[in-house]
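Here is a short report for a reader new to this structure. Please look at the sequence and the 3D view before reading on.

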Amino acid sequence: MAFNVVKFSRRWLAFLPDSRRLELYPPWWMMRIKVLKLDNDWRHIRIRLPLTWISRNMGGSMFGGFQASLADPIAPLACSKVFPEYHVWTRHLSVDFVRPGITDMELRFDFPPDTEVAIRAELERRGRSTPSFEYGLYDNQGRLCTKVVCVVAIRPAGYLAQIGSAA
């Protein structure tokens, strides 16, 4: 059985707040992220992604891979906190690099209340939902540098076993 860092952190680092566990998650720890805000049960998230010698590309701006790897799990993590009885994962991720990130970047994610209501209604009606979230990474001057659209699969427990995938 392979080592699962997420299960390890849930079990052995449970005494730490979610914000600190995110900062210690090995890929993000290496990127030196800082959770600035994790409010209202993951409905408002702000994370700083610093521009460092490792994250800087030849053109002097931040590698897109750094931005995408931070942005990828944010919406599914928020959904898994809001809907803990369901399995959640990223179904599709679209990243549009609007302008070069030449400063530290701030990921800004908000889970709108009307979206939550619509998802709950669809879960009650269909037993599953595939919502889309739009958020972004902003530079130090508050300008949108990277637009992210994340489509999240929210499925009932046992769904993966039903379709024959590894759980």
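How many disulfides does the structure hold? It holds 0 disulfides, a disulfide being a pair of cysteine sulfur atoms within 2.5 Å.

## Basis of the report

This is a predicted model, where local features need pLDDT of at least 70, side-chain atom pairs count only at pLDDT 80 or more, and totals for chains, interfaces and linings use all residues. Residues are numbered from 1 along each chain as its sequence is written, and side-chain values use heavy atoms, with hydrogens and water left out.

C150 is in no disulfide. The nearest cysteine sulfur belongs to C79 and is 8.1 Å away. C150 has a relative accessible area of 0%, so it is buried (under 20% relative accessible area; exposed is over 50%, partly exposed in between, with a 1.4 Å probe and protein chains only). C145 also counts as buried, because its relative accessibility is 0%.

## The nonpolar core

A nonpolar core is a set of buried Ala, Val, Leu, Ile, Met, Phe, Trp, Tyr and Cys residues joined through side-chain atoms within 4.5 Å. The largest one has 35 residues. L49, L70, L107, F109, F111, F133 and Y135 touch the most other members. Among the elements that give two or more residues to this core are helix 3 (26-31), helix 5 (74-82), strand 5 (132-138) and strand 6 (144-156). Helices (H or I, at least four residues) and strands (E, at least two) are DSSP runs, numbered from the N terminus.

Take L107. Its contacts (heavy atoms within 4.5 Å) include I45, I47, L70, I74 and Y135, not counting residues up to four places away in sequence.

## F111

F111 lies in the loop between strand 4 (105-110) and helix 6 (113-126). F111 counts as buried because its relative accessibility is 2%. Leaving out residues up to four places away in sequence, F111 touches R43, A78, C79, V82, F83, E116, I119 and F133. E134 is 23 residues from F111 in sequence, and 9.5 Å away in space, C-alpha to C-alpha.

## Helix 4

Which residues of helix 4 are buried? They are F66, Q67, L70 and A71. These residues cover an arc of only 125° around the axis, so they sit on the same side of helix 4. The arc is that of the directions from the helix axis to the C-beta atoms.

## The hairpin

Strand 1 (residues 34-39) and strand 2 run antiparallel, joined by 5 bridges. Two strands pair if DSSP finds at least two bridges between them. D39 has H44 of strand 2 as its bridge partner. The hairpin has 4 residues between the strands, and N40 takes a positive phi near 50°.
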